[in-house]
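The structure is shown first.

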Amino acid sequence: MNNIKVFWNRYGLLVVAVLLLLTPQFTSQYEFYVVQRGVQNAMLVLGLVMLIGYTGLMTLGSAALLATGAYTYGILMLRLGCSPLIGTIGAVLFTTVVGTLLGIPAFRLSGPFLVVTTVGFGEIVRILILNWEPLTRGPYGLSGFRPVMPTTRGVYYLMVVVLILLAIVTERIGRSRLGLAMKAVKEDEVAAEVMGVNVRRVKLVSNALTAALAGLSGVFLASLTGYLNPDSFTSNESTSYLLMVVMGGMSNVVGSIISSLFLTVLPEVLRFLAESRLLVYSLILLVYLRLYHVRGSSKVRAKSAGSRGRS
Amino acid sequence: MGIDKNGNIVLKTDSLTKRFGGLVAVNNLSFEVHEGQICALIGPNGSGKTTVLNLITGIYPIDGGRIDFLGEQINGLPSHAICWRGIARTFQNIRILGSQTVFDNALLGKGYGNGGAGVFQIMFDTAKHRQERAAFAEEVDEVLKFVGLEDVRNELARNLPYGRQRILEIARALVTKPKLLLLDEPAAGLNSAEIYTLMELIKKINETGISVFVIEHRMELVGELADWVFVLNYGSKIAEGTFDEIRENPAVIEAYLGKGRD
């Protein structure tokens with residue numbers, strides 16, 4: 001049992017990577033699309049691992065940042081005729097700026113107040129997109145831009161490679177002095193501050209990284225669907241992202257990727273249940289979280305933390 | 001007042017005042033800590049001792065007066081900046097990160113934001129970041145060895161016995177490389193063997209040239225360690241002097257025991 005855990009901690013990411021790279025070989029077109037969305041979601045959730053898992057800042061505005069990334073990409077290409085690469089860079093940078101502009105005032109708050117503020121931010125962005133018709137085409141939706149790669153498979157393989165690289169970086173940040181500072185902010189802000197951690201800066205850095213990942217995830221979302229509509233970025237979406245990071249074990253990188261994939265695929269698998277689908281979906285989550293995640297899968301993390309200092 | 005002024009002034013407060021609503025928690029408090037000294041701040045419960053530490057470390061803003069550290073005004077600076085200048089502290093109720101290892105807890109004393117490897121260097125694990133990490137690890141290990149925690153380096157902090165958690169908090173403070181160490185009731189909850197270890201450690205720290213400012217209730221510890229003692233009552237300084245002088249001071253005896261009936 002213990003060997004499995006050691007193996008998983010060391011090679012879990014590799015296993016996930018191999019499985020993801022093989023997926024296109026044995027899935028139908030529709031199944032493939034669902035997996036693609038899972039990978040795209042996982043990218044955003046990696047950001048939440050840093051913000052919610054490491055730094056402990058509970059926010060519910062991820063869908064808005066996702067929308068910012070996706071729309072910026074689309075608009076840059078359609079209105080300014082940028083290339084996919086420039087579009088991607090522009091979208092990631094712009095989303096980071098927007099996220100930071102939100103973060104500067106919002107991180108003066110904490111706990112439920114921060115949650116409510118970020119929900120409000122999410123709604124503002126969605127309504128802005130809905131009503132700024134000349135730029136976003138509002139309820140008609142935005143389409144006609146090119147994806148980041150010419151083929152669907154190309155987009156997918158690029159996405160998987162980027163995801164794995166980001167997972168490695170996220171894990172690395174978690175083990176660094178920055179990650180330690182983040183975890184200190186989560187556990188005891190005052191103690192961290194008094195020990196020379198610039199708490200405000202840690203929060204903003206963590207938030208900027210999260211926003212960048214959300215922006216990138218948005219670029220891939222735009223590339224996958226080829227069509228953007230404000231309805232895809234409601235606070236419901238933010239809630240499911242929160243669910244993905246919680247179920248993944250809050251600060252567990254591989255766990256978060258798996259839970260993102262699982263929670264993206266599960267509703268589709270349950271489609272045969274028709275109207276009772278959401279009921280069963282919720283029940284499965286409830287039972288799973290109750291049985292297995294009483295304290296999150298951080299139990300596993302806590303054990304592996306012991307071996308960390310030796311590296 | 002006959003302070004044995006052997007050494008420069010490290011910390012100086014001038015008419016320090018703090019109010020919580022109508023309550024004056026610290027009232028016109030002026031005192032000096034000299035280089036290389038161990039100073040103790042004593043006083044009955046609720047006399048404002050911890051508030052003084054919270055003011056010095058910038059956790060509360062002050063309402064009046066000023067605080068100077070090594071000749072420069074520090075009140076108004078954020079807490080992390082005060083730490084970078086060389087003031088470290090521990091807390092009355094231990095505030096270590098239970099879910100992190102002893103090593104990581106101590107490493108936290110290196111802070112974040114005061115130069116060093118930035119986000120991108122960490123992301124790409126550059127040579128500079130690797131060098132920095134190795135150098136920090138060495139420093140932290142040295143401190144852990146100095147305080148005697150090297151055997152539990154990779155344990156989770158919450159698994160340590162209470163006494164060693166207190167030592168860990170001191171280790172974390174030492175990693176910040178302080179010139180002044182503020183200890184808030186370091187002996188609270190310790191047994192006499194642990195208190196002895198603690199006293200030896202405080203002396204050892206002081207011998208390395210770090211000035212120590214300690215809040216303490218245990219008079220045997222104050223008597224053994226302190227070069228100079230301040231007594232606080234209702235937020236005001238009512239006496240200062242060597243421990244022997246303080247013991248005989250009628251105002252101090254009254255503050256602790258109440259006024260006798262004539």
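In this predicted model, chain B falls into two domains: domain 1 spans 6-86 + 178-262, and domain 2 spans 98-177. The C-alpha centres of domain 1 and domain 2 of chain B are 27 Å apart.

**Domain contact in chain B**

- Across the boundary, 11 residues of domain 1 of chain B are in contact with 13 residues of domain 2 of chain B.
- On the domain 1 side, helix H2 (79-85) and helix H7 (192-207) of chain B each contribute at least two residues.
- That side of domain 1 of chain B comprises eight nonpolar, two polar and one charged residues.

**Contact between chains**

- Chain B puts 32 residues into the contact, and chain A puts in 30 residues.
- H2, helix H3 (102-107) and helix H4 (119-123) of chain B are the elements that give two or more residues to the chain B side.
- H2(B) gives the most to this side, with four residues.
- By class, the chain B side has 13 nonpolar, 12 polar and seven charged residues.

**Sheet and packed helix**

- Four strands of chain B form an open sheet in the order E2-E1-E4-E5, with antiparallel pairing.
- Strand E2 (23-34) and strand E5 (72-73) of chain B are at the edges with a single partner strand each, so one side of each has no neighbour in the sheet.
- Strand E1 (residues 9-20) of chain B pairs with E2(B) in the antiparallel sense over eight bridges.
- Ile9(B) is opposite His34(B) in E2(B).
- Helix H1 (residues 49-56) of chain B packs on the sheet and touches E1, E2 and strand E4 (64-69) of chain B. The direction of H1 of chain B makes about 65 degrees with that of E2(B).

How values were computed. Residues numbered from 1 in each chain as written. Chains lettered and ligands numbered in written order. Predicted model: local features only at pLDDT ≥ 70, side-chain atom pairs only at ≥ 80, totals over all residues. Domains from an automatic or database assignment. Contact = placed C-beta atoms within 7 Å. Nonpolar A, V, L, I, M, F, W, Y, C, P; charged D, E, K, R; others polar. Pairing = 2+ DSSP bridges. Axes fitted to C-alpha atoms, helices over the stretch in contact; angles between N-to-C directions.
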